[in-house]
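Subject: Structure handover

Hello,

Here is the structure you asked about. My notes on what was found in it follow below.

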Amino acid sequence: MLPDALWDAILLRHFPGKTLEDLDKIDWPRLIRAWQTREILDVENVRQAFLEGKIKPNAYEWRMILRHDRLEAEGKADQT
């Protein structure tokens with residue numbers, strides 16, 4: 001667990017212009033869901049661009065695509 005002062009410093013850097021009081025009011029679960037959704041959309045966009053021949057994913061992007069595929073397959077398996 002990070003010390004509070006370090007966590008505050010990281011958040012202030014990540015949200016420039018916000019005060020600690022502003023950060024205390026953030027709906028953190030909602031923000032985390034939004035970040036996770038953005039990550040999914042980014043991975044899907046990279047895959048689509050690859051399939052269209054527009055880009056060649058780097059090693060990190062390939063790992064993210066494979067991770068996304070695995071999680072998606074596990075989710076579908078859980079639904080059956």
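Which residues does Ile55 touch, not counting residues up to four places away in sequence? Ile55 touches Val46, Ala49 and Phe50, where contact means heavy atoms within 4.5 Å.

Before the rest, some ground rules. This is a predicted model, in which local features need pLDDT of at least 70 and side-chain atom pairs count only at pLDDT 80 or more, while totals for chains, interfaces and linings use all residues. Residues are numbered from 1 along each chain as its sequence is written, and side-chain values use heavy atoms, with hydrogens and water left out.

Ile55 and the loop

Ile55 sits in the loop between α3 and α4; helices are DSSP runs (H or I, at least four residues), numbered from the N terminus. With a relative accessible area of 35%, Ile55 is partly exposed (buried is under 20% relative accessible area, exposed over 50%, partly exposed in between, with a 1.4 Å probe and protein chains only). Ile55 and Asp8 are 47 residues apart along the chain, and their C-alpha atoms are separated by 38 Å.

Helix α3

Helix α3 covers residues 28–51, 24 residues in total. From first C-alpha to last it reaches 35 Å, close to the 34 Å expected at 1.5 Å a residue; the expected span is 1.5 Å times one less than the number of residues. Leu31, Val43, Val46 and Ala49 are the buried residues in α3, and the buried residues of this helix pack against α4 (59–79). An α-helix has 3.6 residues a turn, so residues three or four places apart point the same way.

Asp27 counts as partly exposed, at 44% relative accessibility. Between Asp27 and Leu66 there are 30 Å in space, C-alpha to C-alpha, and the two are 39 residues apart in sequence.

Where α3 meets α4

The axes of α3 and α4 come within 10 Å and cross at roughly 110°. Axes here are lines fitted to C-alpha atoms, for helices over the stretch in contact, and angles run from 0 to 180 degrees between N-to-C directions. The two helices are therefore roughly perpendicular to each other, a label that covers 65 to 115 degrees.

On the α3 side the contact includes Glu39, Ile40, Val43 and Phe50; on the α4 side, Trp62, Met64, Ile65 and His68 are among the residues met. By class, this contact has seven nonpolar, one polar and six charged residues (Ala, Val, Leu, Ile, Met, Phe, Trp, Tyr, Cys and Pro count as nonpolar, Asp, Glu, Lys and Arg as charged, and the others, Gly among them, as polar).

Two residues of α4

His68 is found in helix α4 and is buried, at 12% relative accessible area. Leaving aside neighbours within four places in sequence, His68 is in contact with Ile40, Val43, Glu44 and Arg47.

Glu72 is also in α4, but partly exposed, with a relative accessible area of 37%. The C-alpha atoms of Glu72 and Ala5 are separated by 37 Å, with the two residues 67 apart along the chain.

Regards

Notes. Parallel < 35°, antiparallel > 145°, perpendicular 65-115°, else oblique.
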